[in-house]
Structure formats: structure tokens, C-alpha cells
Amino acid sequence: MKLVIDKLSKTYNNGVKAINELNLEVRTGMFGLLGANGAGKSSLMRTIATLQNPDSGHIYFNEQDIHQNKMAFRKVLGYLPQEFGVYAKDSAEQLLHYFAILKGISSKKDRNKIVEEALHLTNLYDVRRKRVSTYSGGMRQRFGIAQLLLNNPQLIIVDEPTAGLDPTERNRFLNVLRDIGSDNIVIFSTHLVEDVKDLCSEMAIIRKGSILSKVAPINAIRSLEGKIWKKIISKSDLEKMKARFKVLSSSYNEDNSLSIRVLAVEKPNDTFVAIAPTLEDYYFSILNLN
Amino acid sequence: MKSAIFNYELKYWLTSPLTYLFAIAFFALALVMMLGTGGYFDGTPTESANVRLLNSPYEINFIFQYFGKFLLFLIPVIVGTCLYRDYKSRSFHITYSFPIPKADYLFGKLLSGLSIILIISLFIGVALMLGEWMLGTENAKIGAFNIWAYLCSYTFFTIPNLLFFSVLVFIVVGMSRNIYAGFIAVLLLFLFQIIVENVFTNNQFLMALLDPFGQNAISWETKLWTRAEKNTQFIPVMGIVLYNRLLWAGITGTAFYLFYKKFELLHESPFNNWFSFFPKKNKKNITTKINNKVKRISTAVIDTSFPTQLRAMFEIALIDFKYMAKNWMFVLFALFGLLALVFTLLKVTNTGQFNLLPLTRIIVSTPLFFYSLIVILATFLYGGMLVHRAKNSRMNQLIDATTFANWSLVGSKIVALILLQITLLCLLLLGGIAIQIYNGYFHFELGQYLFQLFVITLPMLAIWAIYSIFVHTLSRNLFIGLFVLILTWLGIDGFEQLGLHTQLLKFNTYPTLNYNDFNGYGQQLSGHFLLKGYWLSVVNILGIIAYLFWERGITTSWKERFSIAKNRMSRIVWIPLLMLIGAFLLFGFKIYQEELKTASALGFDKPKGKIMSNFKSKFGKYAHTPQPQIDFINLELAIFPKQNNFKAKAIYTLKNNTSAPIDTLLIKTGFDEITETFIQKKYTLLETDSIMQYAAYQLQESLLPNETMSIHFDIKNKSNTLLMRNSEVIKNGTYLKQDILPRLGYFYEETKKEPSDTTARTDNYVHSNYLNIETKISTSEAQIAIAPGDLIAEKGGENGRNYYHYKTPKKVKFNFSFHSANYKKWGEVYKDIDIAVFHHPNHTNNIEKMVSGLKAAIDYNLKYFNAYPFKNIRVVEYPHTAEGYSATLMANNIPTSEIQFIINTEAMKDKIDMPFYVMAHELTHQWFGNDVMPADALGAKMLTESITEYISLQIYKQAFGQQALNNFLQLQHKRYLRGRAKEAKKEHALYRVKSEQQYIAYGKGATVFHTLSHYLGEEKLNGVLKAYLMQYKNRTDTYPTSLDFIAMLQEATDESFHYLIDDFFKTKTFYDNSIDEVKYTTGENGQQQLIIAFTINKYQNDELLADGTFQEDIEIGFFNENKEVVHIEKVKVGNKANRVTLELGDKIQSVVLDPNYLYIDKNRKNNQYKM
């Protein structure tokens, strides 16, 4: 299974270039798409989900251009948009049946079975008769996963699913996602580095509609081994430090002093201590480089 | 802060294209309406006397009221949205946390929206003024411009109405946080008005008071206004109009106060539980247990083949339908519909002029029409909800990423709407049957229901469903969509205003299908289905366009939508599209052809005025050319019911009754017939007019005095077109009249002669002498054929046809009827007269009442005048679709409308026994109207209808008593007063009554003769009538005028009555009398002493007479507890204010001025005083 994106571009009416000559290849497994707000994540996701036509470029799934035959592609597609609502008065069970029909599961017996499985898999079975509009944020996201699973998709696109979830909900959600991700392509966009670290076998960093880096998280961290240094400074020294070193990030300590993390091939001086690299360091290093 | 909110909203609307769209649309509609009515597009009216002025204050207000109703639909759009926008965008979460006072928030929103609507309403006024100016005062329908007419309408009706209903809609939207509820509120108002109008038909005061729009209040105040008053007077704003306005101001004010008190700027609406049918259960905190049994989802077969998509389309449609049907709006629509059904039906079965049995054909006519209106409105609203539903709930991305095809998506919404329509129609079916059962009518014509509902009505509704989805798909904005839909719907009539009469432009509109029990729908169906086919192909093309432009995923511009549409134009789309366009062209061309045929048959290709002026310039010179009289007609008439045709051969024997030779023949042949003329003398054709079917011939050899000649005519009907019925012959229930037969003479004199004109006496009002007619009539095997005279032979079954031979036993008036139908015959012999009723087998309820009416008329007329001149009477039923609800005497036949047979006499117990009365009236015409024919002058109807109506009253009184007579007289008074209010031209005195002034001939005429009989005595008046009858009976040398009769009346009566005769016959006199006060004391011996103060307002020729200028005999009636007359006091009065004192022994319960209904009184209500 392979998704190939070839020189994809999209410019909106207001002149915003959302996707800019983007190339990417994604294979089976969890794939994290990391980028700041407005980097073009959602535009890319929507375009892969065939909800938006690109101005130029192509997307191939298993060698087939998905915009040439949208219907065939949608059979194997599962999509969870960043923000979605549901018909206010319908229960999860009703809505899943509705989607099952829309997704072409024509046998009623099949539908009953699959809807029940999806409810179990997302741990919504007990609340299947409740209105989805009354669900909490995490339950609603799990419902979103349930609906995309109905057609047993080979390519799953989830757009910023963890935004706004509390830690427990987030963990539970990621577990559900992990379970379904092993045999399929799951493209998962987020602005949280942690999500990717916990979940993805591969990731890409996107900015201004282009891919800056595509790498496996393990390799990403490995690439920085021995290159990350930490120092505690006073707040007023930050600008000075930024001018002298590649400061990746800074965080406040309890005494109002700052800890900074610096990227350097060799120890800059004795005031720095070596520290194990994180994926976040990689993310900032890539953004800083470009 | 208030001004900040107000300004923000105002700016929002002033920069919204929607506002300008509405303003322009209303401007254009109002202008087109004004210009169209003024004849700007299809010829300025030339007639100038007594026309209805278009720009009188009355009329301007009327137009404003009309547009005011459209404006109501803007209220939810604009006022509702001002509030609703905050809920829809969820911005109220933020704004409600600001320190905004409630008052600022609510008033800012309400007033800004209201201002925008008021600005839009100004465009209507400007358009009307522009229209006035464009038509110009030289236009007969335009009077002098008057700005007060506009100001008055705005001040008292338009602005208050918009204010009242804006407040109500605002409240509803504020409470429900739902914009659709605002629309429903507007619909409810309309419904409320309909209900008020129907419930209070017997209490017009309440109807006027409660009407939310104030329309009925104006009607109440102006109901007796004549045309001249309507053209000049300002609409009254005091009295009931003021009360009505105050009442509604009070209602809306109170509602707003209550709403204001409860409203809070809160996240949860304080009215949250008002709009759900079931109280919400307490929300439990939802938690879920982990279940790890299922690790994977099974693989299902995903099928996107055509049959599966088709099935899925229906499955989704069913889900969408359930969603709509469960919604509270649906319950309201269904309720509206059923109420509309009940109230429109009540008018037919209980409250109207005639109470009819609730036949199925009646339920599926007007009530179904109103019901359909509600279904159509539901289709518009739900269409928008379905199209925008996914996006509004932000579920569209989930749906759009599925494999569901666009066509099934569009299709599912159309199917869902149609399912909704079917449900509503089924509800009507059940409701209709329930009403029939309730009324004790158990003859359920299920086939007729199903055919009308699902074969005729449903396709029409489905066309609207597809159109609704099309419009909403393209418009993106719900309100623009709704506006376009309503505009299409109501704008259809606009084409007529623009002078475009073709059906090809009137979207989804069909000529009314008339069903009758004899003939069913007859031949109208093929034309109807032709039009349906045309609109179905149009709307399916639109359906395909909706598919092409259906928004899937995210599109950002129309350019993109077009390019997507282009991509969707695959071969699978092209093939049906081309087929539909082919069907559209084919149907359209056929309709165009049929319309051409129809137009040329009607002469529509030329303006009407021109046809007449052409005719007059050619034939006017023959107006006074003496003509021979028709002495005998030998007619062979073959009716072919199945083919809708007849063929006739008529041989006329003409006789020169004048003293000079005649060499010019003027022959008018049937308008709807094709007639060939064969004159048995040598002649030359002088002139001919094919539209007016008229020809003048010059005989080479004159017809000498007393000489006879014959003319042969071959007559056949014009054939029907698919859209137009030209032939009077129908499959069952054919009713032909003398107008199929040629006539001799010139019938187009513009002015009738005065009764004082002695030359009028030489011709009668039907322009023909008495004559004999012999008819050999044939029809198909199953039917009975009827013609005038005695049946002298009949022969059945030859060549599958029935033959009948009729001949008049004596000469009759030139009024004949010919019938053919599957009749059932009812018969009885009474005083040697064969009475037969030929009727529809199911219409049996009223036959006995009809026959008793005939018998009573035979007896009464025999007692006072002389014997009925024929040996038989045939009452022959004709379908209501042929001609109105009445009956006519034609020789010894009385063709009678089906309505008289299906009146529910049980429900009309306390009204008039119509079947009895109509028969008594028609038969009496044998004496007054047939035996004596009045001269061809003004006042002729006094000698036929007034006298006949009076005699019918007497017959009625003998049969049903004094109280029934009083009821009847009261109706006659109303008939006169309402008729004169509606008079488009000039009211004449009775002796000069014009033939179309029925309110004078019947309403006033009957009252006047009755009052005379009250004063003179029945014997005495009938004596005069008999003398008149004997003097003129069957004469052809001279015919009486109204003045001849009045002279006889004066001669036979004492001089003291002559003023009464003058008042009644020669002036326009009526009264507005009242009892002002009654004082009473009871004496020691139980005697009651009464002092009655009363007013006599006598109006003569539109002037109120001053004290001392009149002398009147007035009766005052005194009634006891059992409503029995105790005493009638006769008083002579000559002043307006009067007082009478008297002592009576019995206890008096009520005093009534004019208890015998002798005088026509403008307001009878104040004639009674209850102790």
C-alpha cells in the first residue's frame, strides 16, 4: 500500500497558497503530519480526502490517481475532519447506520454487524442509544473514528483529532487509533509533537504548504544524539543566547530562571550540560533550519 | 450600546445584497401589478363611466394589504435573522458575556430589522406612485393623485401590521432560537385569519375585530359602500378599524412584555423546554466501559453499483423523511392542513349560502386546493432544510467523503419530500372520510380520492419538490431560495398582468379540472396530462442541473462549481438530458399548437374591442331592419356522447308578420357551432362575420306579408382541442340550449329602450314570437335524450342508438333545452299532470322536496291565476360544471343544476328549503315569463323575476309559515344591500331594472311586492296580477312594459297607496331605522306602560330625507317570552325622531321595529329592543 503525492499545489481565492508543490510518499503504518496552525495540514488532508480539488499535481493511491476516480478511492478511504458536527437528534447507532448506507454497505445484516463492531471497538457500545450531540469531546472523536471504520478503509485520514481532549481522553483515543493503524495507512495530523512520538512509525513536518522533512521519529531523535545541550540562564540573557547559539526552545523554571536547549555538534562551553534529545528538539531544529 | 447594536445590524442589512434583491423585487412586482391592472400592456380601457379607480384610497389600501402579506415573509428573514444570527454562528456565547443590557440588545435587534422592512415597504409605495404617473390621469382607471391615500395606508395598516408581526416573530425566534419557527409563526397568522373568517361568518363584528391584518375591519366598515364611494372616500380609520388596531397592539404589546421579562442573555434559553413535546430527561453523566473483545472490524461488501445506489437512495430518503415527520413543524403543517380542510369544507357543508353534502368531488376540489397550498409551503421549507441540513450540522465533510453518489444524494432529498407529500395526502384522505362519516355521508368514492390525490395532485406537488431542491441547491442561502420559490409560485399570475396568456410560461399551473358525477373528469384529462408532461420534463431538466451543481466537498467559487458541473456532464447525464429536452420541445410544441387552435377559435388573435367595432361598422346599419318570425322548427339532433359531438339539421319555417315585404335576412348562428345555411330562395350574401358568426342576406324575391319560407341549417359543434372544450356535448350529462340554433335579427343594441318608449312594446325580451318545435333526437344506447314538448315516439337499440321524437303541444317561448345522460327517472301524476324527475342515480335525497315545490306552485297559481298549460313537467338534472347552481324553465322542461340535488337540506333546516323554493319559482315562470313575455325594455325583469319571486314567497309562506317567510325576506334585504354595494355601474329604480341587476329584480322586487300584498292584501294584489296576466297572455301584437303594469296597479288601488308605489318602483328607497330606547313601567293591575323612542332614516335616491318631507306607515311589534306576537302597533310618522306610548296587558319580552320586514333596512340589528 502506498500513497504518493506529486507536486501538489492549491491556492485559495484570497491568494493564500495553502499547498505548494508538495511531494510525499506514505506507506503502511501510522504517519504523523506535524505542523503549526496554518501550515497547510488541513488543506492537504482535505485534498487527500477528495473534498477539494488541487490546482495542479496528483495524488496516487496504489498507483491510481485518486481525483480521476474519486468513487473508487472513497471505498477505501476513512476520513475524520478536524471539526465536524452531527445531526442533533440522532444517536450514535442511528448515525452509524446512516453512514453505513452512504458508504455502500448494502446488506442490512452486514450493517448491523459492522456498526456493532465499530461501537465496541471505539468503546461506545454502552452509549450507542444516546445522542452524539450530547457526547463529551473524546467520545465524539471516537464516534468520528467509528464512522470512518465502517468501510474497513485502507487509508485513514484524521485531522488534528486530539485537539481539545483531556489527557485521559487523549490516551484512550490514541489507543483506539493505534489498534487500527497496524495494517493500514493512517495519516494523522497534529501540532503536538507528543502525539507523533507516542504513535507514529513515520512523520513529516510541514510548513507553508511544503514538506520540510520526512523521517521516522526514532531516526529523528537518533540524528540529534549528542548534539543537544541545556543551560539555565536568566530571562534577560535570552536574546543574547539566541544570537550566539541555535536555541531550539526555552522553558521557565520555578525560580523564574530559564532553561534553554541548544543544538550544537560540540559542547558550546562548560556552562552547558549534555542532555538526551527529544522529538520536539528535532521539530524545532527543522523549523529553525528552514 | 443600543445604538451600537442597532447600527451594526442596520449596516449589516444595508450592505447585504439580499436587502436590495427584496427591494427591487417588491418594486418591480408592485409596478407590474399597477401597470398590468391599468391595462398598460394589453390596451387601455376605454370605458370611463363608473369604473373602479385604481388609485382611490380604497384601492391603494387594498393593494397595500395584498403586498403586506408578502412582506410578512420578510419578517422572519430580516427581523428573525437579526436575532437568529447570533445563535446560528454561536457568537452568543461571546456576546452574551459582554455587559449589554437586555433592553439594548432586544430593542436594537428588533428595531433595526423592522426599519429595514419598512424601507423595503416604501419601495412598494414608490412603485405604485410611479405606476399611477406612467398610466396618467387620461387613463380611465386613474383618478387624481392623492398622497393621503398612501399615508393613510402606511400609518394605519402597513406600519402597524409590520410592527405587530415583527414583534410576534421576534418573540418566537427568541424563544425557540430557531428561524423556521419564525416562518411557522407567519403561516399561523395566515391560518388564524382564515379560521376567523370561517368561524365568525355569522358574527361579522367579531370577524372584523379579530382579523390580524385589519382587512375584515375595513370590509365591515365599507361593506355597503357603492362604487362611487369606494372611488372617492377615504378608508375609515375610526370605529371597528380603530378597535381592531388597538386590540392587536394590545396583544403584541402584552406578548412582548411577557417575553421581555423572561428573556435573559444566557447560554441556555430560558424557554428551553417550550418547544419539545416530551420533557427532557435529566442528563446523566455518560461513562463508558472498556470492552476489548472486538479487535477488528469485519470486512463488508462495499457495493456502489447502480441498483445498490438506487436502493440506498430510498433508504436515505426514508431516514430523511422520518427526520422531517418527527419534527414539530410537521405536526403543525399537518394541523394547518386539516384545519384548512375542515374550514373550507364547513363553508360548503354548513356556513355557506347552500349547505351541500360532503361529496368526494367537493372534498377534492376547493378544500384540497387549500390543503395543497400548505403542502407546497412545507415543500419549500423542508426542501431548504434538507439541502442545507448536512452543512448546518457540520456533518457535510463526513457525508461527502463517502461513496454515496451525487445523484442518489440529490435524489434522496427529492424522494424524501415526495414521501412527505404522500403522507400529507394520505392524511387528507383520512380526514376527508372522517368528515364524510361525521356528516352521515357513507358513499365513499375511494377510487375518486386516489385518482385525484395521487394521479392528479401528487405529480403537481412532486414538480414543486424537484423545483424546490433545484432552487435551494443553487441558491446556497436559504432565504434567497425561499424567496425565489415563493416568487415563482405567486408570480405565475403576473404573466397574465403582462398580457401573456400562454400555459407554456405558467409554471406547474393547470386549468381547473372540473369533476362532475355524471361525466367524471370528462375529456379534460388528456390536456391536463399534456401540460403535466411538459412541466415534468422541464423540472427534471432542472433536477439534472441540481445534480450537476450539487456541492460535494468544498468549492470556493462559481467558476469552480461550473467546472465541476462540466466534469459531471458524462454520457450518462447527456442521454437522459437530451431525452428530456426532446420531451420538453415535443410537449411544448403540442401545447403551442393547441393554444393556437384555441386562440383562433376564440378570436383571441384580435383584441376584443376591435372585433365588436368591426362588426358594428359592417352590420350596424341593419339594426332596425324588420325580420320574419320563426314560426316552426323541425329539428333532427344526433348526440354522440363518446365523441363529444352533435350533428343537427334544422328546418325553420319563417313567416313575415309585418305589413311590408322583407328582402333582407339577418342570421346569427351558434357561437360555438359550425353552421351551414341553405336558404330556399334565391339570394345574395351581403356581409358576413366569421368571428361573430353573423351574416346578412339579400333575397332576390322579397318575402311578402303573411308569406312563409323555409331555411335549412346543418349544424355541428366545433371540435374540442386538448386544452379547450368547445363542445357542450360530454360523455354523460349533456345540456344543450337554444343557443346552438340560429336566430334572426340584430341583437347588439347598445342601449335598452326605456319602458316609457312605446316602440318597445313591439318586441319582447327574447326577440322571438311563440313557436312550435318538433325534435327527433337520438343518443347512444345507454342514455336518455330529452327535448321540449311531448314525447310522441321512442325507439331503442337501433344501430346501438336510442331515438326519441318530441313535439310541443302548443307554441312556446324561444327557450329550449336538449339533454342526454344516463338518467334515472322518478315519476308521479298530480292533478292530471305527469311530473317526472330525470336525475343521476345517486342524487335522490331532494327529489321529493322538489316535487312538493312543483305541486305547491301548481296549486297556488291555479287558485289565483289559471291552470298549468301542459300535461307534463320534466325536471332534468344537469352537471354543476355546465352552468351554476340554479334552474331555468324551458317550455315544459326545467333543467336543474346538480347542486339542487345534493344540497344537504337537513343541515339547512333553519335556512331556506332551496329545492322546494327553486322549483316553485321556476314553475311560476310558466305564468309570468312564458305566458306573458314582457317588452324588450328596461324593467322587463321586474315583470318576470320580481313577480315570480313574490309568488314564490307566498307559496313558501303557505308551506312553511310566517317565521320562514321572515327569514327569507331578511335574505332578500341583504341581497339587495350587498348587491348595490357591489354595483359596478349605476343602480336603477325597479321599473328600469337592467337584466344583470339581479339584486334589484329579485332582492328588492320580492320585498316590494310582498309589502304591497301586506298593505293591499294578498287577494287584492293577486287580482291585479291576474288582470295583467289575462290582458297580455300569449299576445304577440303588443308586449307589456313595467309602466303598463304599474299603471294597472295604480288604477286598482286607493290613492293613499300611490306614494308607496312611487317609492317602491320609481325611486331608490331604503331605510336605516332603529329603536333608540324603551321605557316601561308595570302598573298595579299588571298593565305594562311602554314608551318607545325610535328613529326613521329614510334614504331616497341616495339622500336622507328631512323631517316633514315624508309620510310613513310603520309597524312596531311586541313579543312575549315565547316570541309570540302580542300586539302590532301601526304608527304614522313624518319625522326622524319619534315616540310612541302605549299600554299592554301581557308581559312584553321584546319590541321590534318593522317586525314583518316590510322595509329594506340597512341595519336590522338595532331594530330590536329586549327588555
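Strand β24 (residues 1112-1119) of chain B pairs with β25(B) in the antiparallel sense over eight bridges. Strands here are DSSP runs of E of at least two residues, and helices are runs of H or I of at least four, numbered from the N terminus. Two strands pair if DSSP finds at least two bridges between them. The model is predicted: local features need pLDDT of at least 70, side-chain atom pairs count only at pLDDT 80 or more, and totals for chains, interfaces and linings use all residues. Residues are numbered from 1 along each chain as its sequence is written, with chains lettered from A and ligands numbered from 1 in the order in which they are written.

Within this pairing, B:Gly1117 has B:Ile1128 of β25(B) as its bridge partner. The pair belongs to an open sheet of four strands, ordered β25-β24-β27-β28 (chain B), with antiparallel pairing. Its edge strands, β25 (1125-1133) and β28 (1168-1170) of chain B, each pair on one side only. Neighbouring strands are turned by 15° against each other on average, direction ignored.

Next, a helix pair. The axes of α3 (residues 57-88) and α5 (residues 102-135) of chain B come within 9 Å and cross at roughly 150°. Axes are lines fitted to C-alpha atoms, for helices over the stretch in contact, and angles run from 0 to 180 degrees between N-to-C directions. α3(B) and α5(B) are therefore roughly antiparallel, a label for angles over 145 degrees. Their crossing is right-handed, meaning the near helix is turned clockwise from the far one by less than a right angle.

Residues are in contact if their C-beta atoms, placed from the backbone, lie within 7 Å.

Across chains, 47 residues of chain A are in contact with 38 residues of chain B. On the chain A side, α2 (70-74), β6 (77-80), α3 (92-102), α4 (108-121) and α5 (137-149) each supply at least two residues. α4(A) gives the most, with seven residues.

The two contact sets divide as follows.

| Contact of α3(B) with α5(B) | 18 residues | three residues | one residue |

Ala, Val, Leu, Ile, Met, Phe, Trp, Tyr, Cys and Pro count as nonpolar, Asp, Glu, Lys and Arg as charged, and the others, Gly among them, as polar.

Chain B is assigned domain 1 (2-191), domain 2 (306-517 + 536-563) and domain 3 (1069-1170). These bounds come from an automatic or database domain assignment. The centres of domain 2 and domain 3 of chain B, taken over C-alpha atoms, are separated by 59 Å.

Definitions and conventions
Two residues are in contact if their C-beta atoms, placed from the backbone, lie within 7 Å. Angles under 35 degrees count as roughly parallel, over 145 as roughly antiparallel, 65 to 115 as roughly perpendicular and the rest as oblique.
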